[in-house]
Amino acid sequence: MIPGKPSTFRYSVLPVLTVVAVLVVVWYASAIKMNSTWTYDQAARAGTEPSFSEVVKDTMQQDRPLLPVPHQVIAELWDTTVEKKITSKRSMIYQGSITLKTTLWGFALGVVVGIAMAALIVLSRVGRLSLMPWAIISQTIPIVALAPIIVVLSNAIGAGSLLVPKAIIAAYLSFFPVMVSMVKGLTSPDHMQLDLLRTYGAKRSAVFWKLRVPASMPYFFASLKVSIAAAFVGAVVGELSTSAISGLGARMLIGSQFGEPMIMWAALFAAAILAAVLIFTVGAIEKILRRAMGGQPV
Amino acid sequence: MTSPVIDVSGVDLTFQTNDGPIHALKDVNLEIDKGDFVSFIGPSGCGKTTLLRCIAGLETPSGGDLTVNGLSPEEARKARSYGYVFQAAGLYPWRTIGGNVKLPLEIMGFSKAEQAERVRKVLELVDLTGFEKKYPWQLSGGMQQRASIARALAFDADILLMDEPFGALDEIVRDHLNEQVLKLWARTEKTIAFVTHSIPEAVYLSTKIVVMSPRPGRITDIIDSPLPKDRPLNIRDSAEFIQIAHRVRDGLRAGHDE
């Protein structure tokens with residue numbers, strides 16, 4: 001360890017682990033409390049008087065507990081990712097890949113639309129006056145209300161699969177952070193920077209490509225992490241609200257409708273892990289691009 | 001007698017603001033000849049930067065005549081007649097020093113080979129050879145400002161306009177850069193217009209010192225410096241130097257008392 005340099009363990013790993021440990025304790029305690037009702041019911045019906053340790057043991061191995069304990073969720077996750085064949089409909093990897101595909105399509109569409117709208121807003125007065133208010137209004141409409149309309153409309157234009165409406169829903173949520181950041185980024189060069197290019201007699205196109213676009217990149221990178229997270233939420237919401245039968249969102253819905261809490265929780269955790277992987281990947285790409293653009297290492 | 005490179009006659013400039021009109025420049029008359037080193041000095045608000053911006057065609061005077069190389073400032077700007085150095089270096093953080101110096105050359109459509117050659121030449125001129133591949137954050141403030149001077153010199157305009165280029169630097173760095181600017185001026189024989197609020201800087205550098213005062217922005221004195229062209233730093237201790245500095249200070253005070 002370099003003297004004076006804060007230790008990574010003490011300053012970033014330890015606090016996170018502490019919070020995780022507290023959550024796990026609270027989780028076990030709540031599970032014992034909530035699931036014991038069922039245990040006592042069963043015992044009363046059988047006319048037995050279970051000891052406390054028997055109750056605790058039982059609350060952790062019920063098939064359909066109110067609240068599954070962490071190791072049950074992990075076991076279910078293990079079972080549905082490693083043990084199951086990837087082609088199986090019960091595999092979380094299979095379900096996750098469907099959500100991932102929707103997320104990536106939605107993200108790509110959202111980024112393209114976001115950049116295009118930002119460019120129009122920055123380059124033309126008409127774009128600025130007409131697009132911005134609508135973009136803001138678009139985010140105030142609950143996506144769940146729009147989802148069925150998007151499904152019907154994309155079927156009407158012959159989309160064929162559910163992927164199209166789901167990706168549109170994901171894009172609907174993910175374009176906004178990109179657009180807002182890009183508008184900010186493209187207008188970030190100050191007067192001096194713009195005057196400098198005027199002294200070169202630079203054309204508008206040169207100002208855009210040589211100054212505005214590169215200056216907007218840090219803003220763009222920062223928006224990608226928010227945007228991929230939004231696309232992922234959009235993909236899951238899309239699955240929940242388009243009566244899809246596959247994808248992590250659909251698994252959660254099925255788990256809750258058929259009283260399979262294990263499936264629900266495992267799908268939820270799979271979703272959280274996938275989201276974390278996506279954000280981490282985008283973050284890593286961002287770091288590489290920043291370095292390539294001469295960024296100062298922090 | 002050749003005509004002046006920069007000819008300012010009867011220039012007025014009024015800005016319309018919400019608090020009423022502001023008289024930024026009033027009846028400014030000035031001739032700058034080829035090879036002159038002219039400093040504009042005065043308190044803030046005296047219009048020295050505004051005057052430089054008018055010469056650069058970045059502001060348009062509301063009255064009077066202003067020609068640069070016999071052209072209107074707007075035409076001169078489009079003809080790329082001058083290099084402009086701003087208060088801050090304003091280097092692009094995403095470009096290397098070489099890339100930054102190359103920027104005007106790319107915009108002006110120089111060939112790749114010509115770009116590389118010119119970058120090499122001007123970086124040598126400002127003593128930054130070997131820093132071509134470094135990024136701006138790897139350089140000190142003084143070095144960044146030298147890179148921005150190199151950028152202004154890259155396309156070899158005859159006129160160099162400098163707006164308080166060393167205002168943000170400490171005195172030791174400033175002295176060093178002043179010496180370098182003089183060397184540069186001697187080597188390139190450019191016409192330089194230089195805005196400053198430092199009396200020693202103005203006297204040390206200039207062949208002509210333009211003293212200005214505010215409300216309305218106007219010229220109160222124009223001093224032709226008798227100092228020789230070759231100036232070591234210790235010329236600042238000579239009687240002549242101190243005498244000119246006195247006259248500049250008097251001019252500034254007179255403008256202030258009115």
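Setting aside neighbours within four places in sequence, A:Arg198 touches B:Leu58 and B:Arg77, where contact means C-beta atoms within 7 Å. The model is a predicted one, so local features need pLDDT of at least 70 and side-chain atom pairs 80 or more, while totals for chains, interfaces and linings use all residues. Residues are numbered from 1 along each chain as its sequence is written, with chains lettered from A and ligands numbered from 1 in the order in which they are written.

Now for the meeting of the two chains. Chain B puts 20 residues into the contact and chain A puts in 15. On the chain B side, helix 2 (73-78) and helix 3 (97-107) are the elements giving two or more residues, and helix 3 of chain B has the largest share, with three.

Within chain A, the axes of helix 9 (residues 204-241) and helix 10 (residues 248-257) come within 7 Å and cross at roughly 45°, the axes being lines fitted to C-alpha atoms over the stretch in contact, with angles from 0 to 180 degrees between N-to-C directions. Among the residues making this contact are A:Val236 and A:Leu240 of helix 9 of chain A, and A:Leu248 and A:Leu253 of helix 10 of chain A.

Key. Helices (H or I, at least four residues) and strands (E, at least two) are DSSP runs, numbered from the N terminus. Two residues are in contact if their C-beta atoms, placed from the backbone, lie within 7 Å.
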